[in-house]
Amino acid sequence: MKKLQCEICGGALVMQDGMAVCESCGMKFSKEEVKKMVVELSGPIQIDGEVKVSGVEDADVLYRRAKDYERIGELGDAYYTYSGATEKYPGDGRLWLGLATVQVKIRLKDCEEELLSHPSSYYDWEFKRSFEDSKWCDEIEKYYKRAQSLGGVADEAQQGLLWFRNQKETVIQKYKDKKRKFDTYDYWKKANAEFLNSFPGSKVKEEILAFLLKQDVREVCKALKKTYLHYSSYHIESFMDAQGRSISFRYWYYNGASKSYPTDFGKIDLPEGMTIQGDIRPMMDGFTYKEKGLFGGNKTYSYANDPDKDKGPTFDE
């Protein structure tokens, strides 16, 4: 099989940052230039004898072209070349093997991008359109098995099938791990708010924020009033969630125009470098509030004496 070579010095080309770079002289070629090289490597149409035609319509040529596309990372072009070739030469096992393998590579690339996106959230549709799609996976298995049955590449097709099944299981586990991570994050976000709301008293919510922010209560109240509560009378009613760098809450305020007490939502960020990771209760150890006691009548919260300190999320396997 012919290899892609540098047009300047004849050196081997390797793909780097979306371009082909000569290992010998360092000359760079764009993807468009490399595609042109791939087509030229297929060779012109040749007339052998009177009627035998070979070239762009030959199975060997199409296979080499698809392989070259695959090697330089142009998986879309490789897929379309393999797909068209299997229609023209359905009895060639190499083409079915290539078609299956390229489809798996394309889907693997898509899944890796999906898994890296939305780091603090999980979407079930991402998982369902990945390797979890049994219909798509069944089709791939048929391609590999067809390649095996046609001969010539039976061993490679068997190895490809085992590789595909292994990749499928690996990707499915990655999605499960991401979901567990998101479910854990969501659990503590709500559980932390529920815990903070267990402290009694009308002013304790401001005291809690001051404690977590390591500031004086008056300073925290000024910051809240400046950011959200532009009224003379306000009160944090309840916490909504607490995780990461943010603490969200619901508050009410006095509206002088309508003489009512509507509610709204606010959020405050923890200081730079400070985050809530998992359970907030260790961060609350030593918090002392002014009103009547809780947790056994004590006014100072002790994490060591909290009967629920080991409580955490549970998952169905």
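R94 is partly exposed, with a relative accessible area of 23%, where partly exposed denotes the range between buried (under 20% relative accessible area) and exposed (over 50%), as computed with a 1.4 Å probe on protein chains only. The model described here is a predicted one, in which local features need pLDDT of at least 70 and side-chain atom pairs count only at pLDDT 80 or more, whereas totals for chains, interfaces and linings use all residues. Residues are numbered from 1 along each chain as its sequence is written, and side-chain values use heavy atoms, with hydrogens and water left out.

The side chain of R94 meets that of D60 in a salt bridge, with a distance of 2.8 Å from N to O; a salt bridge is defined as a side-chain nitrogen of Lys or Arg within 4 Å of a carboxyl oxygen of Asp or Glu. This pair links distant parts of the chain, since R94 belongs to helix 4 and D60 to helix 2 (residues 59-71), 34 residues apart. Helices, like strands, are DSSP runs numbered from the N terminus, a helix being a run of H or I with at least four residues and a strand a run of E with at least two. D60 is partly exposed, with a relative accessible area of 36%.

K174 lies in helix 7 (residues 154-196) and E112 in helix 4, so the pair ties together parts that are 62 residues apart in sequence. Both ends are partly exposed, K174 with a relative accessible area of 35% and E112 with one of 33%. Salt bridges that share partners also join D60, D92 and R94 into one network. By the rule stated above, the count of salt bridges comes to 20. Among them is the pair of R281 and D279, whose side chains meet at 2.7 Å, N to O, and here both residues are buried.

D92 is buried, with a relative accessible area of 15%. When residues up to four places away in sequence are not counted, D92 touches A59 and L150, a contact being defined by heavy atoms within 4.5 Å.

T86 is found in helix 3 and is buried, with a relative accessible area of 6%. Its contacts, not counting residues up to four places away in sequence, are L95, W96 and L99. The C-alpha atoms of T86 and L62, residues that stand 24 places apart along the chain, are separated by 9.7 Å. E114, in turn, lies in helix 4 and is likewise buried, with a relative accessible area of 8%. Leaving aside neighbours within four places in sequence, E114 is in contact with E126, R129, Y175 and K178.

Two helix pairs illustrate how helices pack in the model. Helix 6 (residues 134-150) and helix 7 pack at an angle of about 165°, with their axes 7 Å apart; axes are lines fitted to C-alpha atoms, for helices over the stretch in contact, and angles run from 0 to 180 degrees between N-to-C directions. That angle makes helix 6 roughly antiparallel to helix 7, because angles under 35 degrees count as roughly parallel, over 145 as roughly antiparallel, 65 to 115 as roughly perpendicular and the rest as oblique. The residues that meet include W136, I140 and Y144 in helix 6, and A157, L161 and F164 in helix 7. Helix 8 (residues 204-213) and helix 9 (residues 217-227), by contrast, pack at an angle of about 105°, with their axes 9 Å apart, and are therefore roughly perpendicular to each other. In this pair E206, E207, L209, A210 and L213 of helix 8 meet V217, V220, C221 and L224 of helix 9.

The strands considered here are those of an open sheet, in which 3 strands follow the order 6-7-8 with antiparallel pairing; two strands pair if DSSP finds at least two bridges between them. Strand 6 (234-243) and strand 8 (263-269) are the edge strands, each pairing on one side only. The twist from one strand to the next averages 25°. Strand 7 (residues 246-253) pairs with strand 8 in the antiparallel sense over 7 bridges, and R250 stands opposite F265 in strand 8.
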